[in-house]
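Here is a note for a colleague who is new to reading structures. Please keep the sequence and the 3D view open while going through the points.

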Amino acid sequence: MAGVNQAARALGITPVMALADARALVPGLGVAEADPVGDAKTLGQLAGWCGRYTPWAAVEAGTPPGSGGLWLDVTGCDHLFGGEAALLDDMVRRLHRLGFAARAALADTPGAAWAWARFGDPGDPILPPGGVKDALADLPVAALRLASEDVDTLDRLGLRRIGTLYDLPRAPLTARLGSDVRRRLDQALDALAEPISPRLPAAPFSARLAFPEPVGLPTDIEAALERLLAMLCSRLEAAHLGARRAEFTIHRADGSFDTVAAGASRPSRDPRHLMRLLAPSLERLDPTGPDGHSGVEVAVLAFPIVAAFEAGQRAIPRFSAGKLALTPRTTQRDPEIAALADRLAGRLGPANVRALSLRESHWPERAARRHVLLDGPPPISAEPRHGPLRPLRLLVRPEPVEVTGAPGRPAVFRWRCFAHKVARAEGPERIAPEWWLTLGARPAATRDYYRMEDRAGRRFWLFREVDGENGPAERWFLHGLFG
Amino acid sequence: MRHPGLIRQRDKASADTLARLRARIARIERIGGAQQVVCPLGVPAIDEALPWGGLPLGALHEITGVAERDLAAQSFAAVLLGVLAQADRGHHGGRPVLWIAPDEGPYAPALPGFGLDPAQVTTVRARRPTDALWALEEAVRCPSLAAVLAEGPRPDFAQSRRLQLAASESGVTPLLLQPALDPLPSSAAVTRWQVKAAKSAPESQMEESGDETAGSETVGYARWRLALLRCRGGRPRNWLAEWNHETSCLKAHRLEADSLAVAADARDRPDRAPTRSTCEAA
């Protein structure tokens, strides 16, 4: 059996029993299959829910499975709820309303809190600062998050209370039991630091707004977002930063929460711009929740990605080949265009709004770079080359074509079920793959490119592969179209 | 018996009325007014056919003839895009443009051949026509852009009218690419062009003959059969155009062929009917 509830415990059933024994004891026992995956998922959701108290919430998986819990670092957060006791009280009450039996404890170290939540006095959940050592002394050693074998060994040695471990010499203890016991003890007593890794990285810029009572109107949510944006944007301004990403989360009274996010291609701290970016997705936020009865209690706005804010950067003149070339290398950073790109990316998806640039490469697939604008400033483009003409459209990958005619001089090629009679052809232009980029991998074949015009004047870019030993093979591909 | 002087007077009066009415319509439509900014294409043969002496900025232009295998329409649009991006000389090195397409969009190394710096082009992929139209409308309202080229949107008349109004307010010039449908949907576009690939000539002989049959084996400069199907205040016309990608120079030779023939030609879309087009290719 993985676990029992309080009612079962009262009837004398413990998790160490076999199911048959328990059924013998209580014939009408209700049994449900253990679902560790579901448990972990629920814990994860609860950790998200705890974002209403602190951004620093972590899931503690626990061994054996099912004994896990949540860790919250509430340093500096408790005063928002009227003190530590009020925070814990509020949390347990709300969890109870959501149908979870929960015990909470607050201590100087995660280890001590873990021990006190499971083995301590539920009536007094808060260990005073510095009082950990005394409080833990009377608890069983199992409260130290030890493996069950370690607990058994300690039991055989007569070490049943944590207090009995305090004065033992370190070296023999470690020699006998391994380093785990000592480490857990040190962690609980704050002799060894144990950082909590939040489930999600805590955003350096976040603000929360709690409503006196749950609200259900979209306009209220919008107003809350506006206030949070104004708050955080002034903080960004003071720090000379701009937000590259904004996440807005609403926590409903029923414990569910939803997040919408938007990205900015250029660091922004303009509340109106960020509002415009988030506004389209606000419609997806349903303040009343799936059941339609709930309301929003807490709204949290976070800027997980911030960057240095450049105020109105101008194009920098570029010098090339002795003459002053004023090319707009930085026009993508025009604020209005950046705002437009953000709006487009918000609806069409960030990957669909891109800046073009050239790369120093002859290989057709590599020569063009398509930079996702939301990823930051586009790379500097290489100088355009004065070489053979390139097609206006390059196929995503070369498509094989059937060819008839003399070797190297196709008379007809058939592409996508339609035959083109070649009227004129120009080539070859031999392009070899950049072998130094594909070291170890099978390099692509060298290609002989031809420009071909059919009888109607349509122009195509075809190539045939060149085998290093046997020369050109009559395997033709169509790779691009000219206009 | 009519008095010749009276007729002249009446003619003059009606001409005046006509001019007044035209000016009033232009004011209503916000095209060709005193503040109308015009961008000449630098091709006398085409500029003289346009009543403004060039392409009016902040106006919707439609280019039809988009086909799977024929990028002539896209190329002509790219030429216009290059001209428009450079139109504002006060802005160093050209202004940014947006290219909306249902696929990956243009291949950056080809753009310098159209007088476009790849760094000034932002591509937007919109797979659905409604998304493309929305993106186009958003872009047209962004005055920092010189022009927007859109493949994919299928605006109805009211939507094209809205685009035209937004463009006249912001000064951004939208170029709308359309397949060669028959009949073409009605639209509020100021000009409507049709472009189709034509056989190239190894050396440019446009000035002498405009003959598109001469030639040898090598591929010459891109040639298009260009038709101005509709133009507010102007008349339809046909050209044989040649684009020299090395000098970024467009040449055009006026064709006297009647526009009906070209329109009929446009209906002949080989990519729609593979069996028939095989014959055409043969």
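This is a predicted model: local features need pLDDT of at least 70, side-chain atom pairs count only at pLDDT 80 or more; totals for chains, interfaces and linings use all residues.

1. Side-chain atom pairs count only at pLDDT 80 or more.

2. The interface in outline. How many residues of chain B are in contact with chain A? There are 70 of them, and they touch 58 residues of chain A. The area buried between chain B and chain A is about 5,700 Å², and carbon and sulfur atoms give 58% of that area. On the side of chain B, the residues that lose the most area to chain A are B:Arg69, B:Tyr107 and B:Val219; together they account for 16% of what that side buries.

3. Polar links across the interface. Between chain B and chain A the count is six salt bridges. There are also 21 residue pairs in polar contact across this interface, with both residues at pLDDT 80 or more. The elements of chain B that give two or more residues to the side touching chain A are α3 (72-85), β4, β5, α4, β8 (191-198), β9 (222-231) and α7 (274-281). Of these, α4(B) gives the most, with six residues. By class, that side of chain B has 36 nonpolar, 20 polar and 14 charged residues.

4. Helix α4 of chain B. This helix covers residues 129-140, which is 12 residues. From its first C-alpha to its last, α4(B) reaches 16 Å, close to the 16 Å expected at 1.5 Å a residue. Is α4(B) largely enclosed or largely open? Nine of its 12 residues are buried, so α4(B) is largely enclosed by the rest of the structure. Among the buried residues are B:Leu133, B:Leu136, B:Glu137 and B:Val140. An α-helix has 3.6 residues a turn, so residues three or four places apart point the same way.

5. What α4(B) packs against. The buried residues of α4(B) have partners in both chains. In chain A the partner is α13 (335-348). In chain B the partners are β4 (97-101), β5 (121-125), β6 (147-151), α5 (157-170) and β7 (173-179). B:Glu138 is one of the buried residues of α4(B), and its side chain meets that of A:Arg343 in a salt bridge (2.5 Å, N to O).

6. A buried arginine in chain A. A:Arg451 lies in strand β14 (residues 446-454) of chain A. With a relative accessible area of 11%, A:Arg451 is buried. Leaving aside neighbours within four places in sequence, its contacts in chain A include A:Arg424, A:Glu426, A:Phe460 and A:Trp461. A:Arg451 is also in contact with B:Val219 and B:Gly220 of chain B.

7. Backbone exceptions. Most residues other than glycine have a negative phi, and most peptide bonds are trans. A:Asp190 has a positive phi, near 70°, and sits in the loop between α10 (179-188) and β3 (205-215) of chain A. A:Asp190 is exposed, with a relative accessible area of 53%. A:His240 also has a positive phi, near 55°, and is found in the loop between α11 (218-238) and β4 (241-252) of chain A. A:His240 is exposed at a relative accessible area of 59%. A cis peptide bond joins A:Gly427 and A:Pro428, with omega about -5°; A:Pro428 is in strand β13 (residues 418-431) of chain A.

8. Salt bridges within a chain. Over all chains, the structure holds 37 salt bridges. In chain A, the side chains of A:Arg160 and A:Asp155 meet at 2.6 Å, N to O. A:Arg160 is partly exposed at 48% relative accessible area, and A:Asp155 is partly exposed at 37%. A:Arg272 and A:Asp270 form another salt bridge, at 3.9 Å, N to O. A:Arg272 counts as exposed at 63% relative accessibility, whereas A:Asp270 counts as partly exposed at 29%.

9. The side chains of B:Glu104 and B:Arg125 meet in a salt bridge (2.7 Å, N to O). B:Glu104 is in the loop between β4 and β5 of chain B and B:Arg125 is in strand β5, so the pair ties together parts that are 21 residues apart in sequence. B:Glu104 counts as partly exposed at 27% relative accessibility, while B:Arg125 is buried at 15%. In chain A, salt bridges that share partners join A:Arg52, A:Asp89, A:Asp90, A:Arg93, A:Arg94 and A:Glu297 into one network.

Definitions and conventions
Residues are numbered from 1 along each chain as its sequence is written. Chains are lettered from A and ligands numbered from 1 in the order in which they are written. Side-chain values use heavy atoms; hydrogens and water are left out. Helices (H or I, at least four residues) and strands (E, at least two) are DSSP runs, numbered from the N terminus. The expected span of a helix is 1.5 Å times one less than its number of residues. Buried means under 20% relative accessible area, exposed over 50%, partly exposed in between (1.4 Å probe, protein chains only). Contact means heavy atoms within 4.5 Å. Buried area is the accessible area (1.4 Å probe) that two parts lose on being put together, summed over both. A salt bridge is a side-chain nitrogen of Lys or Arg within 4 Å of a carboxyl oxygen of Asp or Glu. A polar contact is a pair of N or O atoms within 3.5 Å; within protein, one must be able to donate a hydrogen and the other to accept it, and residues adjacent in sequence count only if both atoms are side-chain atoms. Ala, Val, Leu, Ile, Met, Phe, Trp, Tyr, Cys and Pro count as nonpolar, Asp, Glu, Lys and Arg as charged, and the others, Gly among them, as polar.
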